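Here is a report on side-chain packing, charge pairs and ring contacts. Please keep the model open while reading.

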Amino acid sequence: MSQETELKLSLGPEGPMALRRHPRLTSLPMQASHLGNTYFDTPQGSLETARMALRLRRVDGRLLQTLKTRGEGGGGLSRRGEWEWEVPGPGLDLEGLAELPTAALGQEALERLAPRFTTDFQRETRVIDHRGALIEVALDEGEILAAGRRVAIRELELELKTGKPDALWSLAESLAGSVALRPADTSKAARGGALLGGEWRLPEGGTPSAWLHRAVVALDALADTGDEAWRRKAIQALRQLGEASDSENIDSENSDAARELAEALSNPAWLTPAFGLTMVRLARRLPADRPLG
């Protein structure tokens, strides 16, 4: 099992083109690939309940099977374990899955695994040396398809290859200065599950980091559903974050930033570089310790 540490950022419609023009990236070699993915689960959603994801990915003529464990983090930053290996196909390598030490994959669950939804996207990968860390910069553009419905993928994933996680935040701040982006806490697998089931669920608040996580997930839901109720829930969570920061005597910079973000969300064109930079900086200051989907 390997441990993956990455910072996930959601982009606005103009974000991918703005990112490609960013001076930090224009001179870097780029590798493009097409990734077709099928996600599997039991009919009852056993893996989704355990916040795990199982997929088959076709890339460059190879078929890769990946199992990801429940993530932990918040504000876009996540840490999760994963197993990945090449398989002959066309279906799952059930024998390989049976050998993994994961409680959710009992024999009964293995026998009931079936395709649930797909993702299809182009990935542009660059590698940058930033603040003593080696970071893979992956831009994904495409869509998630489930039950005849689809939503767009416009994501930037900053994956730490070597070095300290703080370098991810530093690079995100550098990019956010001119690119409309924001932290995202919902994986493609969890988004596919929500699209398939037609239901999003918000995490509970309580502490400043928990309220931020709730606000970020609400914005993830807003992006995929277009339902303005999620924007109102994000505003409420950010206001609660500001009050929680005040009551716990946390740096007033956090409460000020939360209120600024809540106010900005009242504007229909809220996703701007200024909004994203403020949100990235707020997430950087708060501990990333939430269970993630």
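## Nonpolar cores

The largest nonpolar core has 57 residues, and among them Ile135 and Leu158 touch the most other members. A nonpolar core here is a set of buried Ala, Val, Leu, Ile, Met, Phe, Trp, Tyr and Cys residues joined through side-chain atoms within 4.5 Å. Buried means under 20% relative accessible area, exposed means over 50%, and partly exposed lies in between (1.4 Å probe, protein chains only). Helix H7 (residues 208-225) gives the most to this core, with nine residues. Helices (H or I, at least four residues) and strands (E, at least two) are DSSP runs, numbered from the N terminus.

This is a predicted model, numbered from 1 along each chain as its sequence is written, and its local features need pLDDT of at least 70. Side-chain atom pairs count only at pLDDT 80 or more, while totals for chains, interfaces and linings use all residues; side-chain values use heavy atoms, with hydrogens and water left out.

What does Ile135 contact, leaving aside its neighbours within four places in sequence? The partners are Arg126, Val127, Ile128, His130, Leu158, Glu159, Leu160, Ala167, Leu168 and Leu171. Contact means heavy atoms within 4.5 Å. A second, separate core has 15 residues, including Met52, Leu54, Leu100 and Leu105. In soluble globular proteins, nonpolar side chains tend to be buried together.

## Charge pairs

The whole structure holds 28 salt bridges. The rule asks for a side-chain nitrogen of Lys or Arg within 4 Å of a carboxyl oxygen of Asp or Glu. Three of these pairs are listed below.

| Pair | Closest N to O distance |
|---|---|
| Glu155 and Lys188 | 2.7 Å |
| Arg201 and Glu199 | 3.6 Å |

Take Glu155 and Lys188, which form a salt bridge. Glu155 lies in strand S9 (residues 149-162) and Lys188 in helix H6 (residues 188-197), so the pair ties together parts that are 33 residues apart in sequence. Glu155 is buried at 3% relative accessible area. Lys188 is buried too, at 7%. The pair of Lys188 in helix H6 and Glu157 in strand S9 also links distant parts of the chain, 31 residues apart. Both Lys188 and Glu157 are buried.

Arg201 and Glu199 sit in another setting. Arg201 is exposed, with a relative accessible area of 66%. Glu199 is partly exposed, at 45%. Elsewhere, salt bridges that share partners join Glu6, Lys8, Arg123, Asp140, Glu155, Glu157, Lys188, Arg191 and Asp224 into one network.

How many of the ten residues of H6 are buried? Seven are, and the helix is mostly covered. The buried residues are Lys188, Ala189, Arg191, Gly192, Gly193, Ala194 and Leu195. Gly198 follows H6, with a positive phi near 70 degrees.

## Aromatic pairs

The count comes to two aromatic pairs. Rings of Phe, Tyr and Trp (its six-membered ring) pair if their centres lie within 6.5 Å; planes under 30 degrees apart count as stacked, over 60 as edge-to-face and the rest as tilted. Tyr39 and Phe117 are stacked, at 5.0 Å centre to centre and 15 degrees between the planes. Tyr39 lies in strand S2 (residues 31-41) and Phe117 in strand S7 (residues 114-130), so this pair ties together parts that are 78 residues apart in sequence. Both Tyr39 and Phe117 are buried.

Trp270 and Phe275 have ring centres 5.0 Å apart and planes at 65 degrees, so they are edge-to-face. Trp270 and Phe275 are both buried.

Thr42 lies in the loop between S2 and helix H2 (46-49). Thr42 is buried, at 0% relative accessibility. A polar contact of 2.9 Å joins the side chains of Thr42 and Ser46. Such a contact is a pair of N or O atoms within 3.5 Å; within protein, one must be able to donate a hydrogen and the other to accept it, and residues adjacent in sequence count only if both atoms are side-chain atoms. Leaving aside neighbours within four places in sequence, Thr42 is in contact with Ala109, Arg112, Leu113 and Arg116.

Gly45 lies in the loop between S2 and H2. Gly45 is buried, at 4% relative accessibility. Gly45 and Arg116 are 71 residues apart in sequence and 9.2 Å apart in space, C-alpha to C-alpha.
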